[in-house]
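Biologist: I am new to this structure. Could you take me through it?

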Amino acid sequence: MTGSDTAGAQGAARIIDGKAFAEGLRARISAHVARMAEQGVTPGLAVVLVGEDPASQVYVASKAKQTVACGMKSFEHRLSADTSEADLLALIERLNADPEVHGILVQLPLPGHLNSDLVINSIDPAKDVDGFHISNVGLLATGQDALVSCTPLGCLLMLREELGNLSGLNAVVVGRSNIVGKPMAQLLLRESCTVTIAHSRTKDLGAVCRGADILVAAVGRPQMIPGDWVKPGATVIDVGINRIDAPEKGEGKTRLVGDVDFDSAVKVAGAITPVPGGVGPMTIACLLANTVTAASRIHGLPKPEDLSI
Ligand code: NDP
């Protein structure tokens, strides 16, 4: 499908299957890893977790499992919640120097006594597979080769697959965080979209959203974007992950929803990502893709074109 076809029939949005996209991406990653092994290179990802946050522990375990499943090396570093900044920085210095490590990820949020900016910016930018280092942010903003934040990268890969050429489309990104909203807007600008970034101070958000051929919601407010804010035929990417009560499933039960009211938006959009099963699965797959990209660069191997932008 091409960008000009976005004004499709109402009531028949395609569901963008992030799980299937992520599976396809992981298969390409595994193929690259196998080819790199023939050159004597095995990409390695080091994940650093400080503290015992249960959600972070689940993410880290899942990242390690998928890293190994794609044929890469996984190095886990679990540190106690009272780890000092000096000890954490010393670990990162060791990982920066370790030839077996091509990607370093420090799981956020960090405990309050640690300066996240300082910690992230101590990672070698060549190994910054989360794309949060100020150098990678600057490279992305100036249109140069960067390691790009995983969630927006996943969104862009899905949008390209879904729409083909994005040039000239109106894109609205709701949310301006450093990890999702801003890099997402930069990526869409790179694709020659006309980009609007909306946020909590935006006036008449509904009208802004209704102008979008591509609507990306990255807010963190359950179902805040109703179907009548969606332009008929638009492509909707819902980044939000919100847990809400689900009394219909039984007392005390909860369920995950996005920032978009899926039930009403699906009737208007041309294509839409569900929550769960949309953007979420692509995020870890893009982390692995970034690790392969980083390892390729570090060893002077060809850029894996189908894994990056
Ligand atoms: P942040 O809290 O850092 O940013 C939220 C943004 O939404 C801010 O820019 C804020 O504006 C804006 N905002 C808040 N309220 C409104 C409003 N009423 N109208 C318009 N804009 C508003 O969140 P993140 O970017 O980190 O995450 C956003 C969502 O994406 C969360 O649900 C998070 O869980 C999810 N997420 C999902 C990932 C995945 O893998 N699928 C990965 C990362 C995040 P302002 O700047 O003015 O305050």
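**Where the domains meet**

Biologist: How many residue pairs are in polar contact across the interface of domain 1 and domain 2?
Modeller: A polar contact is a pair of N or O atoms within 3.5 Å; within protein, one must be able to donate a hydrogen and the other to accept it, and residues adjacent in sequence count only if both atoms are side-chain atoms. With both residues at pLDDT 80 or more, the rule finds this number of pairs across the interface of domain 1 and domain 2: three.

Biologist: Which elements give two or more residues to the side of domain 1 that touches domain 2?
Modeller: Helices here are DSSP runs (H or I, at least four residues), numbered from the N terminus. Those elements are helix 6 (150-163), helix 7 (181-190) and helix 10 (279-298).

Biologist: What may I rely on here?
Modeller: This is a predicted model: local features need pLDDT of at least 70, side-chain atom pairs count only at pLDDT 80 or more, and totals for chains, interfaces and linings use all residues. Residues are numbered from 1 along each chain as its sequence is written, and side-chain values use heavy atoms, with hydrogens and water left out.

Biologist: How many salt bridges lie between domain 1 and domain 2?
Modeller: A salt bridge needs a side-chain nitrogen of Lys or Arg within 4 Å of a carboxyl oxygen of Asp or Glu. Between domain 1 and domain 2 the count is zero.

Biologist: How many residues of domain 2 are in contact with domain 1?
Modeller: Contact means heavy atoms within 4.5 Å. Domain 1 brings 12 residues, and domain 2 brings 13.

Biologist: What separates the centres of domain 1 and domain 2?
Modeller: The bounds come from an automatic or database domain assignment. Taken over C-alpha atoms, the centres are separated by 27 Å.
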